[in-house]
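Could you walk me through this model, from its overall fold down to a few individual side chains?

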Amino acid sequence: MQLLDYVQNNMNNIIRLTIEHLQITGISIITAIVIGVPLGIIVTRYKRLADPILASANIFQTIPSIAFFGILIPFMGIGKETAILVLFLYALLPIIKNTYTGINEVSPSLIDAGRGMGMTNFQILRMVELPQSLAVIMAGVRIATVINIGSATIAAYIGAGGLGELIFKGIQMYRNDMILVGAILAALLAVVADKLLGYVEHKLTPRGMK
């Protein structure tokens with residue numbers, strides 16, 4: 001079978017491109033979590049900031065990725081850095097929005113109970129609000145991760161590498177085997193990443209809430 005022959009003859013290159021794909025998406029998602037979750041928490045405390053921050057994230061989400069790459073190339077050039085920035089901006093909206101929504105949906109009675117026990121605002125956030133909203137926050141992270149793994153294939157268009165390189169070269173050379181390898185591996189990475197994040201969510205969820 002042509003597909004299996006291609007995989008056997010190009011295994012090293014396929015592994016290299018898969019690692020590049022994981023690097024691009026991994027860095028962008030981790031950065032989006034580090035920035036997006038605190039932003040989501042901040043907008044629950046300062047309601048006036050919610051609309052402008054969520055609107056700004058929405059704007060980034062509505063720009064087609066290929067157009068976003070084109071806008072940034074004159075300023076940042078081609079390569080992984082530009083791809084990571086674009087994917088980071090795409091990941092921000094679901095993470096900020098789900099953090100904001102999850103914390104806002106925590107029952108006020110639980111927060112009042114925490115205050116009645118003498119908890120500080122930080123303790124309420126850490127011990128009440130974040131555990132209660134964890135499932136919603138992780139849903140945002142999982143959505144952002146799956147979207148980014150798919151969107152990262154377009155990053156090959158600007159020389160960032162990854163599995164999209166197989167897809168684009170396959171299109172240019174009329175090689176369905178190359179296209180299928182790139183597409184199948186990207187889909188598998190998305191499924192595996194989602195399952196791993198589900199496992200992380202299960203481990204982080206307090207025992208009494210499982």
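Predicted model: local features only at pLDDT ≥ 70, side-chain atom pairs only at ≥ 80, totals over all residues.

Residues are numbered from 1 along each chain as its sequence is written, and side-chain values use heavy atoms, with hydrogens and water left out. The protein chain has nine helices and zero strands.

**Overall fold**

- Helices (H or I, at least four residues) and strands (E, at least two) are DSSP runs, numbered from the N terminus.
- Read from the N terminus, the elements run α-α-α-α-α-α-α-α-α.
- Along the principal axes, the C-alpha atoms fill a box of roughly 65 × 40 × 20 Å.
- Of the 210 residues in the protein chain, 43% are buried; buried means under 20% relative accessible area, exposed over 50%, and partly exposed in between (1.4 Å probe, protein chains only).
- Among contacts (heavy atoms within 4.5 Å) with a separation of 6 or more, 74% are between residues 24 or more positions apart.

**Nonpolar cores**

- A nonpolar core is a set of buried Ala, Val, Leu, Ile, Met, Phe, Trp, Tyr and Cys residues joined through side-chain atoms within 4.5 Å.
- The largest such core holds 35 residues, and I24 and A83 touch the most other members.
- Two or more residues of this core come from each of α2, α3 (47-62), α4 (65-76), α5 (80-104) and α7, with α5 giving the most, at 13 residues.
- Leaving out residues up to four places away in sequence, I24 touches A83, I84, L87, A152, A160 and G161.
- There is also a second, separate core of 13 residues, with L17, L166, M178 and V181 among them.

**Largest pocket**

- A bit of background: rolling a probe the size of a water molecule over the atoms shows where empty space is left.
- On a 1 Å grid over the protein atoms alone, a pocket is an open set of points where a 1.4 Å probe fits, with protein on both sides within 12 Å along at least five of seven lines; lining residues have an atom within 4 Å of a point.
- The largest pocket contains about 260 Å³ of space, where grid points are joined across faces, edges and corners and the volume is the space filled by probe spheres set on the points.
- It is lined by 14 residues, and G26, T145, I149, A193 and L197 are the closest to its centre.
- At least two lining residues come from each of α2 (11-45), α7 (121-151) and α9 (176-204), and α2 gives the most, with six residues.
- By class, the lining has eleven nonpolar, three polar and no charged residues; Ala, Val, Leu, Ile, Met, Phe, Trp, Tyr, Cys and Pro count as nonpolar, Asp, Glu, Lys and Arg as charged, and the others, Gly among them, as polar.

**Salt bridges**

- The structure holds eight salt bridges, each being a side-chain nitrogen of Lys or Arg within 4 Å of a carboxyl oxygen of Asp or Glu.
- One of them joins the side chains of E129 and R45, 2.5 Å from N to O.
- This pair links distant parts of the chain, with E129 in helix α7 and R45 in helix α2, 84 residues apart.
- E129 is buried, at 6% relative accessible area, whereas R45 is partly exposed, at 37%.
- E165 and K169 also meet in a salt bridge, 3.4 Å from N to O; they are separated by about one helical turn because they lie four residues apart in helix α8.
- R16, E20, E165 and K169 are linked in a network of salt bridges.
- D177 pairs with R175, their closest N and O atoms being 2.8 Å apart; D177 is buried, at 5% relative accessible area, while R175 is partly exposed, at 25%.

**Two residues to look at**

- Most residues other than glycine have a negative phi.
- Y174 has a positive phi, near 55 degrees, and is found in the loop between α8 (164-173) and α9.
- Y174 counts as exposed, at 75% relative accessibility.
- T82, in helix α5, is buried, with a relative accessible area of 0%.
- Neighbours within four places in sequence aside, T82 is in contact with F69, L72, M76, G77 and I158.
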